[in-house]
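The following briefing concerns a predicted protein model and is arranged by topic. Please consult the sequence and structure alongside the text.

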Amino acid sequence: MTMTALPSRATMLRAFLERDAGFDGVFMTAVRTTGIFCRPTCPAKAPKAENIEFFASAREALACGYRPCKRCGPIEVPGDTPAWLRPLLAAVERDASRRWTDAALRAARFHPARARRRFQAQHGLNFHGSSRARRVGGHLGRLLRVITETP
């Protein structure tokens with residue numbers, strides 16, 4: 001097994017404080033006071049420098065007793081759909097014509113702001129915009145079928 005040397009502490013600290021995406025996958029950042037470890041790009045509030053510890057992998061951080069951050073999901077595959085979002089996506093798939101308001105999301109036990117942020121980060125479009133585009137696409141598809149089937 002080949003061990004890769006980590007960058008210097010100063011380099012990792014700078015990358016973490018600047019949320020430099022170029023270092024994602026290079027190291028993990030752990031916070032002693034909270035017991036949580038994160039990706040270098042985590043959007044959470046930055047801790048004091050003296051409370052930060054660096055690890056080469058999530059496995060090392062877990063072995064030292066740290067737990068994964070719920071905001072940046074350091075043990076999830078980047079770009080993968082998180083478990084909490086899968087039921088919502090399944091509901092959208094079942095009924096693409098449904099209008100999802102914030103109230104409907106809350107009734108289904110989803111946080112509207114969390115869904116918005118996740119969709120914005122992953123797709124460049126918030127959940128409501130994505131849902132609306134899907135509905136419009138479905139309507140346009142049906143309209144095109146009608147137009148092309150009409151003699």
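The charged end of Arg98 is placed over the ring of Trp100, at 3.8 Å from the ring centre; a charge sits over a ring if NZ of Lys or CZ of Arg is within 6 Å of the ring centre and within 35 degrees of the ring normal. The charged end of Arg114 likewise sits over the ring of Trp84, 4.0 Å from its centre. This is a predicted model, in which local features need pLDDT of at least 70 and side-chain atom pairs count only at pLDDT 80 or more, whereas totals for chains, interfaces and linings use all residues. Residues are numbered from 1 along each chain as its sequence is written, and side-chain values use heavy atoms, with hydrogens and water left out.

**Overall organisation**

- The protein contains six helices and four strands, where helices (H or I, at least four residues) and strands (E, at least two) are DSSP runs numbered from the N terminus.
- Read from the N terminus, the order of elements is α-β-β-β-α-β-α-α-α-α.
- Of the 151 residues, 30% are buried; buried means under 20% relative accessible area, exposed over 50%, and partly exposed in between (1.4 Å probe, protein chains only).
- Among contacts with a separation of 6 or more, 54% join residues 24 or more positions apart, contact meaning heavy atoms within 4.5 Å.

**Nonpolar cores**

- The largest nonpolar core has 11 residues, including Leu85, Leu88, Trp100, Phe110 and Phe127; such a core is a set of buried Ala, Val, Leu, Ile, Met, Phe, Trp, Tyr and Cys residues joined through side-chain atoms within 4.5 Å.
- Helix H3 (86-94), helix H4 (102-107) and helix H5 (112-123) each give two or more residues to this core, and H3 gives the most, with three residues.
- A second, separate core of eight residues includes Leu13, Phe16, Phe23 and Phe54.
- Beyond its neighbours within four places in sequence, Trp100 contacts several residues, among them Leu88, Val92, Phe127, His128 and Arg135.

**Aromatic pairs**

- The structure holds three aromatic pairs; rings of Phe, Tyr and Trp (its six-membered ring) pair if their centres lie within 6.5 Å, with planes under 30 degrees apart counted as stacked, over 60 as edge-to-face and the rest as tilted.
- One of these pairs, Phe27 with Phe54, is edge-to-face, at 5.4 Å centre to centre and 80° between the planes.
- Phe27 lies in the loop between helix H1 (9-17) and strand S1 (28-31) and Phe54 in strand S3 (residues 52-55), so the pair ties together parts 27 residues apart in sequence.
- Phe27 is buried at 0% relative accessibility, and Phe54 is buried at 11%.
- Phe23, Phe27 and Phe54 form one aromatic cluster.

**Cysteines and a buried arginine**

- The structure has zero disulfides, a disulfide being a pair of cysteine sulfur atoms within 2.5 Å.
- Cys42 is in no disulfide, and the nearest cysteine sulfur, that of Cys69, is 3.7 Å away; Cys42 is buried, with a relative accessible area of 3%.
- Arg39, in the loop between strand S2 (36-38) and S3, counts as buried at 10% relative accessibility.
- A polar atom of the Arg39 side chain lies 2.6 Å from the backbone oxygen of Glu76.

**Positive phi values**

- Most residues other than glycine have a negative phi.
- Arg19, in the loop between H1 and S1, has a positive phi near 55° and is partly exposed, with a relative accessible area of 40%.
- Arg109, in the loop between H4 and H5, has a positive phi near 70° and is exposed, with a relative accessible area of 78%.

Methods. A polar contact is a pair of N or O atoms within 3.5 Å; within protein, one must be able to donate a hydrogen and the other to accept it, and residues adjacent in sequence count only if both atoms are side-chain atoms.
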